Amino acid sequence: MSQFLDGLSWVLLVAGGLFAIVAAVGVLRFPGFFSRMHASTLMDTMAAGLVLGGLGLQVGFTVVAFKLALVFFLLSVTTTSAAHALAKSALADGVFPHMVDPEIVKAGLSEAVHGPLRHPSEHHQGDYHPTDGKSKREVAS
Amino acid sequence: MYATAALLLLVAMAITLIRALKGPSVFDRILAVNTFGTATVLMISVVGFMDHRPDLVDIALIYALISFTSTIAALRFVEIDHARRAQEAAEAQGDS
């Protein structure tokens, strides 16, 4: 039984490492910002879950296992919040999702995002474009 | 076993760092650093187990929280910077 758990832990750890590499390659190779965000999600869910689960199998029901579960819970909460803030900030800044009809995106956008939207053909993929005075956002000086 | 997982995570961190260096937009960099932070949390846990010191999980916990805070702080910084630049451009347009 102990050997079985050890083997399972080994499999989980190596699978987590492989998923981390897959996520990293996705972050490096995908075109456009939002598809890269989609790739980085793999690191926060699969890689973290598999590696922390593999470590948890090594210690059994102890305080360390509780801490590992706490790490996974905190990662789940914080990475989703960070991804939400990142996507909102990028949309407000005019970074446009790729491979979609811009009219559909404009119709679906909520009022939370006020930045001016540009068609993808107007700039290179994922280029850095500060707002050029057309922003409706106001800031207290 | 732990060394294998640590090595794979190290490779993943290196690849993520390339994206952080390449950009091209500031959001790509923030995204890459965020992913790098998650990989670092896992790395700290694995290295702690490899060293027979599972207490390092506490440090991983703190690192996860600091990573989240720094991401949000960097995002606020970028947003405020852009909003101020947009406001200045609007004021310059109003003058002319």
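Let me start with pLDDT: it is the predictor's confidence in each residue, on a scale from 0 to 100. We need that because what you see here is a predicted model. Chain B has a mean pLDDT of 89. In chain B, 98% of the residues reach 70 or more. For chain A the mean is 78, and 68% of residues reach 70 or more. The model as a whole scores ipTM 0.85 and pTM 0.77.

A word of caution. Where pLDDT is low, the predicted coordinates should not be read in detail.

Now the architecture of chain A. It has 4 helices and 0 strands. Along the sequence, that reads α-α-α-α. The chain has 141 residues, and 43% of them count as buried. Take the contacts in chain A between residues at least 6 apart in sequence: 56% of those join residues at least 24 apart. The accessible surface of chain A is about 7,500 Å². Carbon and sulfur atoms account for 66% of that surface.

Start with Gly7(A), in helix α1. Is Gly7(A) buried, partly exposed or exposed? Partly exposed, because its relative accessible area is 34%, which falls between the 20% and 50% limits.

Now Gly54(A), in helix α2. Why does Gly54(A) count as buried? Because its relative accessibility is 0%, and the cut-off for buried is under 20%. Which residues does Gly54(A) touch, leaving out those up to four places away in sequence? Ser9(A), Leu12(A) and Leu13(A). As for spacing, Gly54(A) and Leu68(A) are 14 residues apart in sequence and 10 Å apart from C-alpha to C-alpha.

Over to chain B for one backbone point. His52(B) sits in the loop between α2 and α3 of chain B. Its phi is near 60°, a positive value in a residue other than glycine. For background, most residues other than glycine have a negative phi. His52(B) counts as exposed, because its relative accessible area of 72% is over 50%.

Next, the spaces in the model. Open ones to begin with. The largest pocket holds about 160 Å³ of space. Its lining has 13 residues. Which of them lie nearest the centre of the largest pocket? Thr41(A), Asp44(A), Thr79(A), Thr80(A) and Ala83(A). Three helices each give at least two residues to this lining: α2 (33–59) and α3 (63–92) of chain A, and α2 (26–50) of chain B. The largest share is from α3(A), with 6 residues. By class, the pocket lining has 5 nonpolar, 7 polar and 1 charged residues.

How many cavities of 30 Å³ or more does the structure hold? The count is 2. The largest cavity has about 70 Å³ of space. Both chains line it. From chain A, we have Leu75(A), Thr78(A), Thr79(A) and Ala82(A). From chain B, the lining has Asn34(B), Gly37(B), Thr38(B), Val41(B), Ala64(B), Ser67(B) and Phe68(B). By class, the cavity lining has 5 nonpolar and 6 polar residues, with no charged ones.

One link to take away. Thr79(A) is among the residues nearest the centre of the largest pocket, and Thr79(A) also lines the largest cavity.

Note on methods:
Residues numbered from 1 in each chain as written. Chains lettered and ligands numbered in written order. Predicted model: local features only at pLDDT ≥ 70, side-chain atom pairs only at ≥ 80, totals over all residues. Heavy atoms only, no water. 1 Å grid on protein atoms, 1.4 Å probe; cavity = no way out; pocket = protein on both sides within 12 Å on 5 of 7 lines; lining within 4 Å. Points joined across faces, edges and corners; volume = space filled by probe spheres on them. Nonpolar A, V, L, I, M, F, W, Y, C, P; charged D, E, K, R; others polar. Buried < 20%, exposed > 50% of the residue type's maximum accessible area, 1.4 Å probe, protein only. Contact = heavy atoms within 4.5 Å. Areas by Shrake-Rupley, 256 points an atom, 1.4 Å probe, with all protein chains shown as cover.
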